Amino acid sequence: MSSNRSGLPPRGKGQRGSTKGSKRGSTRKRKSSGLKRFFRTVLTLLIVGVIGVGLYAGYLFYTADKVIDATGTSGEVPPEKSAKVKPITMLLLGTDYRPQTGTHLSDVMMVIAMNPDTKSATVVSLPRDTKLELDGYKTNKLNAYYPNFLAAEKKSGIPATQEMKTMMSKFFGINIDYVTVLNFQGFRDVVDALGGVDVNVDANMCYRDTADGTNINLKKGEQHLNGEDALGYVRYRKSNCSPKTKGSDDFDRNRRQNEVLHALIDQAKSLNGVMGAGKVIESVGKNLETDLESQQMKNIIQAYWNISKENVDFMPVTGDWKSPYVYLHQDELEAAKQALKDQLDGKAGSAQANTGETEDGQVN
């Protein structure tokens, strides 16, 4: 198998999504109490890096427990569906929404399966330009479906998040329980609240767009990036500078996304991670939407607060770029689908089990 590693072309105007849907999406009111916003933030942190943290997640769990004791719980889930006893799946969408653009293209798309028995998770990511051909849906680029569903919400009466969950459940052949949407601003805020992130920038990167304020100017080598620069690092596609820097494709972007997620796990273990929790809770809640019940969020924290990042298996699916689509490698896609099913069935091997390490860190 080989991938054409040429830089991807710029987005066409037709990919910007519906203006009507964008305006409605940017002004829609979220039903979110302070408690729900707190749990939404905790969930986001678990997914975008803090899903592997000991000290930090322990701190969040302790704080969450105090909040629930003080205010009472809402959004109860049946005990048999609790994340503490039942494997769950989630669709994570990272959208390009910013006030400057008003667009909602899903530039990041991941499906996550978590199993409380093995204390492990499988994360499958797909390229944004994937050509999706699925019975019942018009063929399109993967990242265009969410804004299209947003534009059709008023007429169909079906939330775009539910439409995405239904479609991706059919695509992967599993039932996806929940969906979480995080926009670019939320990503920036997470990184900044954690005091920045250390990454090894793999090449010089330069791109400027006065229309939306994008200014990517990164130099190759080890660097400590703030939220804006970290976002530029994972988004970079092509250069319009002089001299031009080397472009990158969807697969490079997915690789860098995973790199930054792992780096965030390490950063969240630091003092900055603990001290930044309040800032994260305050800022990320404004940029996140999820259908998780409050009690289920607590269950997730209880079940996975001490998960090791070695037990989080990232599986980016690659393919071949043939304008204007990415055609997925079917063997990789089938392997990813099977890995998600194995995780749900408790067949996924965990690093903890393989090393004989117990939950308290002792070796059997």
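**Figure 1. Surroundings of Tyr145 in the predicted model.** Leaving aside the neighbours within four places in sequence, Tyr145 of this predicted model is in contact (heavy atoms within 4.5 Å) with Leu132, Tyr137, Lys138, Thr139, Asn140, Met164 and Met167. Tyr145 belongs to helix 4, residues 145–156, where helices (H or I, at least four residues) and strands (E, at least two) are DSSP runs numbered from the N terminus. With a relative accessible area of 5%, Tyr145 is buried; buried stands for under 20% relative accessible area, exposed for over 50%, and partly exposed for values in between, with a 1.4 Å probe and protein chains only. Ser106, which is 39 residues apart from Tyr145 in sequence, has its C-alpha 8.1 Å from that of Tyr145. Residues are numbered from 1 along each chain as its sequence is written, and side-chain values use heavy atoms, with hydrogens and water left out. Because the model is predicted, local features need pLDDT of at least 70 and side-chain atom pairs count only at pLDDT 80 or more, whereas totals for chains, interfaces and linings use all residues.

**Figure 2. The disulfide between Cys206 and Cys241.** One disulfide is counted, a disulfide being a pair of cysteine sulfur atoms within 2.5 Å, and this one joins Cys206 to Cys241 with an S to S distance of 2.0 Å. The torsion about the S-S bond is about -80 degrees, so the disulfide is left-handed. Cys206 lies in strand 8 (residues 205–209), while Cys241 lies in the loop between helix 7 (227–235) and helix 8 (250–268), so the pair ties together parts that are 35 residues apart in sequence. Cys206 is buried at a relative accessible area of 8%, and Cys241 is likewise buried, at 9%.

**Figure 3. The buried side of helix 12.** Helix 12 (residues 330–344) has 15 residues and reaches 21 Å from its first C-alpha to its last, close to the 21 Å expected at 1.5 Å a residue, the expected span being 1.5 Å times one less than the number of residues. Its buried residues are Leu333, Ala336, Lys337, Ala339, Leu340 and Gln343. They cover an arc of only 155 degrees around the axis, which puts them on the same side of helix 12; the arc is that of the directions from the helix axis to the C-beta atoms. In general, an α-helix has 3.6 residues a turn, so residues three or four places apart point the same way. The buried residues of helix 12 pack against strand 2 (106–115), strand 3 (120–126), helix 5 (160–172), strand 12 (312–316) and strand 14 (325–328). Just after helix 12, Gly346 takes a positive phi of about 75 degrees.

**Figure 4. Two of the aromatic pairs.** The structure holds three aromatic pairs, for which rings of Phe, Tyr and Trp (its six-membered ring) must have centres within 6.5 Å, with planes under 30 degrees apart counted as stacked, over 60 as edge-to-face and the rest as tilted. The rings of Phe171 and Phe172 have their centres 5.2 Å apart and their planes at 90 degrees, so this pair is edge-to-face. Phe171 is buried with a relative accessible area of 11%, and Phe172 is buried with 1%. Tyr325 and Tyr327 form another edge-to-face pair, at 6.3 Å centre to centre and 85 degrees between the planes. Tyr325 counts as buried at 18% relative accessibility, whereas Tyr327, at 33%, counts as partly exposed.
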